[in-house]
Amino acid sequence: MGDIENAADGWLWGGPEPLADSYDLALLDLDGVVYLVGEPIEGAPAAIAELRRRGGAVVFVTNNASRSPAEVAELLTDRGVTAAPREVLTSSRTAASLLRDRLPADSTVMVVGAAALAAEVSEVGLRPVWPAESTAVSAVVQGFGPAVGWEQLAEAAIAVREGAWWVATNPDRTMPSPRGELPGNGSLLRVVATAAGREPDVVAGKPGPAMFRQAAEAHPGASPIVVGDRWDTDIAGGRAADLPGLLVLSGSTSPAQVLRIPPEGRPRYLAWTVAGLLDAHPEVTRSGDEVHCGAWRVRVDGADTWLAGSGEPLDALRAMAEAAWSWLDTHPGEDFAMPKADGTSAAQALDVLRTSG
């Protein structure tokens, strides 16, 4: 595998080789990376097929705790991305692994969530029970399920308050739907936390590191990279696991939002889509008050920031992001606005970035 060096000690890295030549294990988020609200993202199926053709491995890493790996693999295959259950890692599976490592075999675990979560608990040698069974339990594991209601949440709160170890599959407060954002597992976690008076003992899914570490450990010797569309879950989770991240702009994060990412969610690379794994990423360098990427340069001049040069708008964003993140680190509490255009090419690039995402 090739080496990619950090240019000028900045956040964004670059080099002459496609990322796929340096990273042979792609840990892919689903919604916003592979598909968007059920429809394949343009170019994603072909890019993933090309990664495999080059000999790379792919693991689909999802916070969704309501589907089994087999169900996720079938969903992906139906959307043009051939996938096997062994290539899918859900937050339910990671949660079950955490429970297995903590509890004696055959311990009882209250399952608040879907049948897929209960199946994962059973698979690791523990005994899942439903809240209505009202039995003493060693732990509570909570994930999203469309049938979760007040009775289940109340029983979970009682068990947690009485000392059961509490594992959350994921903290996502909302989940996407054709009708907009709907309450996710994180919203239901708040109900139990409020009633029990404490937070979960551990969160299995993103932005925690456990799921990414589990995926990487299953491929010893590989060089993993996390690919996601959300800096606060995908990239932050990768950073927590000490893994590099590629933030793609095909889902939740817009170019303007990139400029405001705090340190814990900053990616090593930026791309429009997952197909960016097949591209070389130009080096981002600094020189005094200027940041350069390709033929673009971003100049910080007092309270104003200027973009000048020419080339791909994404390269302009890379330079802008490096400048913005440096500014934010030295000016806490302040904001960083889109730069002003110095020239026609810069104005056109800024127009593209403003209307993307």
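Biologist: How many nonpolar, polar and charged residues does the lining of the second largest pocket have?

Modeller: This is a predicted model, in which local features need pLDDT of at least 70 and side-chain atom pairs pLDDT 80 or more, while totals for chains, interfaces and linings use all residues. Residues are numbered from 1 along each chain as its sequence is written, and side-chain values use heavy atoms, without hydrogens or water. A pocket is an open set of points on a 1 Å grid over the protein atoms alone, where a 1.4 Å probe fits, with protein on both sides within 12 Å along at least five of seven lines; lining residues have an atom within 4 Å of a point. With Asp, Glu, Lys and Arg as charged, Ala, Val, Leu, Ile, Met, Phe, Trp, Tyr, Cys and Pro as nonpolar, and the others, Gly among them, as polar, the lining has four nonpolar, three polar and three charged residues.

Biologist: Which element gives the largest share of the lining of the second largest pocket?

Modeller: The lining residues include Arg-286, Asp-289, Glu-290, Trp-327 and Thr-330. The largest share, four residues, comes from α10.

Biologist: Within what arc do the buried residues of α2 fall?

Modeller: In helix α2 (residues 69-78), Pro-69, Val-72, Ala-73, Leu-75 and Leu-76 are buried, that is, under 20% relative accessible area with a 1.4 Å probe and protein chains only, exposed being over 50% and partly exposed in between. On the other side of α2, Glu-74 and Asp-78 are exposed. The buried residues line one face of the helix, because the directions from the helix axis to their C-beta atoms fall within an arc of 160°.

Biologist: Which side chain makes a polar contact with the side chain of Glu-87?

Modeller: Glu-87 is found in the loop between α2 and β6 and is buried, with a relative accessible area of 11%. A polar contact is a pair of N or O atoms within 3.5 Å; within protein, one must be able to donate a hydrogen and the other to accept it, and residues adjacent in sequence count only if both atoms are side-chain atoms. At 3.0 Å, the partner of the Glu-87 side chain is that of Arg-52.

Key
Helices (H or I, at least four residues) and strands (E, at least two) are DSSP runs, numbered from the N terminus.
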